[in-house]
Amino acid sequence: MRSTGIQAIAYNRLKAHLGIRDGRTRVFDMVQQLAEPEAWYLDRFRIAAVNAGREFAPDGWKGWTLPDGSPCEVPAYCDLRREGEDWVVYNAEGVAVGRMIAGATYFSQDCFPMADDDWEDRLADLPRQMGRVCWASMAEPIYEGGLSDANLKRIGAHLAALRRQSDRAIMIAFGANLFEWGSFLRRMDNFLLDLAAEPAKAAKLLDKLVEAHLAGLDRLLPVLGDNVDLIQLGDDLGTEGGPFFSPEMYRELFLPRHRAIVSHIKRKAPRIKVFLHSCGSLYKLLPSLIEAGFDVVNPVQISAHEMEPERLKREFGRDIAFWGGGCNTQSVLPRGTPQQVKDDVRRNIDALAPGGGFIFCQVHNILSEVPPANIVAMYEAAMA
């Protein structure tokens, strides 16, 4: 999924390192430039879970060139335009929503549609405003048609076929972000001020987001059937030094709304586990996240404050599963030696795996600068 993957540049370099010359590199996440792992990758590295959107719409791709000059394919619906040294992506309304500047390997948000003082006037038009954010208008292929009747039919058929073809766990992305959507729409500086200075106004936006998310879930969940094992939600709640806000603020403004979303999923689809992606230091929020009903947390950013693997396992390992934390992607994976990578992996597995409730994955995505030998070393240590 979009936080446990590998950037397409790193993927091409890994293929060259391993002597793999066939196949194609498809970028299913344009914002972060993530490759869709091919069958050889899943088999070689014993990948146990896959994104529900893999191999969706096989004819919906076009050629493109990655920032390092290597070839790839990108979703055909992405309106990419070269403007000077930058790449700019436009939404269906012709609004510039994302930009990749020279030297970067990902797109940054270029439009904050509710960042001005009159943002409350546009709450009634929230779906349209959300479509002006790059994360929505650059959605992965499975959501290119949104939650229309036609696309839901395609999604249902695709998931049934994927289940027949594979015994791997299947996870579908949904998002249902609250803090992040507030930041995408209002811009993070504004939304943090809203939360602190005008919480009643912030709550209005959060309530409209919950309303939109529940309506979307009511359309999506019935087509999943028994073909999906996990649904992935997201909300980056932490910085490296701690949460963006106090545990008290989380409990007041976010916990009831997260709980409403999670409980809605579990009522409608009780066999599906609920996966939360949230970067940063979550230690102080984990009791509340467990109370909200999340079954899984990712990426387990072990380099952040108070996120030591031993501490997390000891205090929370009985109540939530850790998906990630397997290798430090900030320093060890990109800059360590293969042996240092292996040592880091083994330490983290020894801390997080005993008793179960641990799914190995590196902390967040494998970025473009990671040496191929280190990627191989990481998986070798995990499989040993």
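Q: How many bridges join strand S4 to strand S5?
A: In this predicted model, strand S4 covers residues 61-65 and strand S5 covers residues 71-75, and the two run antiparallel. One point of the pairing can be found at Thr65, which stands opposite Pro71 in S5. The number of bridges that join S4 to S5 is 5.

Q: Which residue takes a positive phi in the hairpin of S4 and S5?
A: The hairpin of S4 and S5 has 5 residues between the strands. The phi angle in question is near 90 degrees, and the residue that takes it is Gly69.

Q: Which strands stand at the edges of the open sheet of 4 strands?
A: This sheet has antiparallel pairing and the order S6-S7-S8-S9. Within it, strand S7 (residues 86-90) pairs with strand S8 (residues 96-100) over 4 bridges, and Tyr90 stands opposite Ala96 in S8. An edge strand has a single partner strand, so one side of it is left without a neighbour in the sheet, and the strands placed like this are S6 (79-83) and S9.

Q: What is the order of the strands in the open sheet of 7 strands, and which of them stand at the edges?
A: The pairing in this sheet is parallel, and the order is S3-S10-S11-S12-S13-S14-S15. Two of these strands have a single partner strand each, so one side of each is left without a neighbour in the sheet; they are S3 (49-51) and S15 (358-359).

Q: Which residue in S14 does Val296 stand opposite?
A: Strand S13 (residues 296-298) and strand S14 (residues 321-323) pair in the parallel sense, over 2 bridges. Across this pairing, the residue that stands opposite Val296 is Ala321.

Q: Is Ala115 buried, partly exposed or exposed?
A: Ala115 lies in the loop between strand S9 (108-109) and helix H3 (126-130). Leaving aside its neighbours within four places in sequence, Ala115 is in contact with Leu185, Arg186, Arg187 and Asn190. A residue counts as buried under 20% relative accessible area and as exposed over 50%. Because the relative accessibility of Ala115 is 22%, this residue counts as partly exposed.

Q: What radius of gyration does the chain have?
A: Along its principal axes the C-alpha trace spans about 55 × 50 × 40 Å, and buried residues make up 57% of the 384 residues. A compact globule with 384 residues would have a radius of gyration near 21 Å, and the value for the chain agrees with this, at 20 Å.

Conventions: Residues numbered from 1 in each chain as written. Predicted model: local features only at pLDDT ≥ 70, side-chain atom pairs only at ≥ 80, totals over all residues. Heavy atoms only, no water. Pairing = 2+ DSSP bridges. Rg over C-alpha atoms; globule rule 2.2 N^0.38 Å. Buried < 20%, exposed > 50% of the residue type's maximum accessible area, 1.4 Å probe, protein only. Contact = heavy atoms within 4.5 Å.
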